[in-house]
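Colleague: I would like to learn how to read the side-chain features in a model. Please take me through them one at a time.

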Amino acid sequence: MNSPVPSQPESLRPELPWEPLTELEIERSLKTAKGSTAPGEDDLPMLVWKNLWTHLKNTITNIFKTCVELGHHPKQWRSAKIIVLRKPGKPNYSVPGAYRPISLLNTLGKLLEAVMARRLSYLAEKHNLLPNSQFGGCPGRTTEQALLILSGAIDKAWYKHKVVMLIAFDLKGVFNGVNLVSLDTSLQARGIPMVARQWIKSFMSDCYANIGFDDFRTETQPLAHAGLAQGSPLSPILFAFFNADLVDQPVDSHSGLSVFIDDYFRC
């Protein structure tokens, strides 16, 4: 199934306050980032920035603050190195389904994306911007919580001697299928400030990639309708905003919809 395009919400929230990025929140995101994650075209693992943070923290903070204030995500950070990996244990490697592409992004750009993801997640939780049926992409919204709500609704239905029918499905290519215009409409409706939305537009625009398989690598080419980057820490929370209107159907003993990123359960 292809990812849906949400309809435009009927009302808009007032724009929420937005403070410049701080050195402390950048440092928090850097500390939680994995140091050994494979780098993108910069060939610099996150461990490099962890070790250099003491010496470069002022410079990095100023760069990040300026990027957001200008609404600009640098082109180098919008270029992905896609690696095609063989899925283990497949009987036939002559079919495309036996391979998995992974997208590697420049680590300094990913750090800025992680900072923005943390900021958006904070706004979403503080101001209740996302439906309670949406799990994943935000701190504290875990798989266990989604299953507890679902099992509780099933128990209540059984207690009333009802028959429960559950349909589980996932959406195909959810991140790649996100429409920028629809996403911006959803963000605006929930009060996400213009300064953040302008940077998000730049983050999603004019993306590039090259593909590598064994020793072969293509030239870097622009991506038409790239949507959200698969390897970005920002993509899950942005998809949660994009998908919010569709999944705003709380689960109870009668019916409802629960979702963890792109895995849906309808009862």
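Modeller: Start with the rings: Tyr93, Tyr99 and Phe213 form one aromatic cluster. Rings of Phe, Tyr and Trp (its six-membered ring) pair if their centres lie within 6.5 Å; planes under 30 degrees apart count as stacked, over 60 as edge-to-face and the rest as tilted. This is a predicted model, in which local features need pLDDT of at least 70 and side-chain atom pairs count only at pLDDT 80 or more, while totals for chains, interfaces and linings use all residues. Residues are numbered from 1 along each chain as its sequence is written, and side-chain values use heavy atoms, with hydrogens and water left out.

Colleague: How many aromatic pairs are there by this rule?

Modeller: The count is five aromatic pairs. One of them is edge-to-face because the ring centres of Phe64 and Trp77 are 6.1 Å apart and the planes stand at 90°. This pair links distant parts of the chain, with Phe64 in helix 2 and Trp77 in the loop between helix 2 and strand 1 (79-86), 13 residues apart. Helices (H or I, at least four residues) and strands (E, at least two) are DSSP runs, numbered from the N terminus. Phe64 and Trp77 are both buried, where buried means under 20% relative accessible area, exposed over 50%, and partly exposed in between (1.4 Å probe, protein chains only).

Colleague: What is the geometry of the pair Tyr99 and Phe213?

Modeller: Their ring centres are 5.6 Å apart with the planes at 70°, so this pair is edge-to-face. Tyr99 belongs to strand 2 (residues 99-104) and Phe213 to strand 5 (residues 208-213), 114 residues apart. Tyr99 counts as buried, at 18% relative accessibility, whereas Phe213, at 27%, counts as partly exposed.

Colleague: Which charged residues lie over the faces of Tyr208 and Trp18?

Modeller: A charge sits over a ring if NZ of Lys or CZ of Arg is within 6 Å of the ring centre and within 35 degrees of the ring normal. Lys75 lies over the face of Tyr208, 4.7 Å from the ring centre. Arg119 lies over the face of Trp18, at 4.5 Å from the ring centre.

Colleague: Where is Glu113, and which side chain of opposite charge is nearest to it?

Modeller: Glu113 is in helix 3 (residues 107-126). For charge, Lys and Arg count as positive and Asp and Glu as negative; His and the chain ends are not counted. A salt bridge is a side-chain nitrogen of Lys or Arg within 4 Å of a carboxyl oxygen of Asp or Glu. Glu113 is buried but has no salt bridge, and the nearest side chain of opposite charge is Lys110, 6.9 Å away. Contact means heavy atoms within 4.5 Å. Beyond four places in sequence, the contacts of Glu113 include His73, Trp77, Trp199 and Phe203.

Colleague: Which residues of helix 6 are buried, and what do they pack against?

Modeller: In helix 6 (residues 194-204), the buried residues are Ala196, Arg197, Trp199, Ile200, Ser202, Phe203 and Met204. They pack against helix 2 (46-70), helix 3, helix 5 (180-189) and helix 7 (235-247). Asp184 is found in helix 5 and counts as buried at 12% relative accessibility. Not counting residues up to four places away in sequence, Asp184 touches Arg197 and Lys201.

Colleague: What is the mean pLDDT of the protein chain?

Modeller: pLDDT is the predictor's confidence in each residue, from 0 to 100. The mean is 84, and 85% of the residues reach 70 or more. Over residues 1-10 pLDDT stays under 50.
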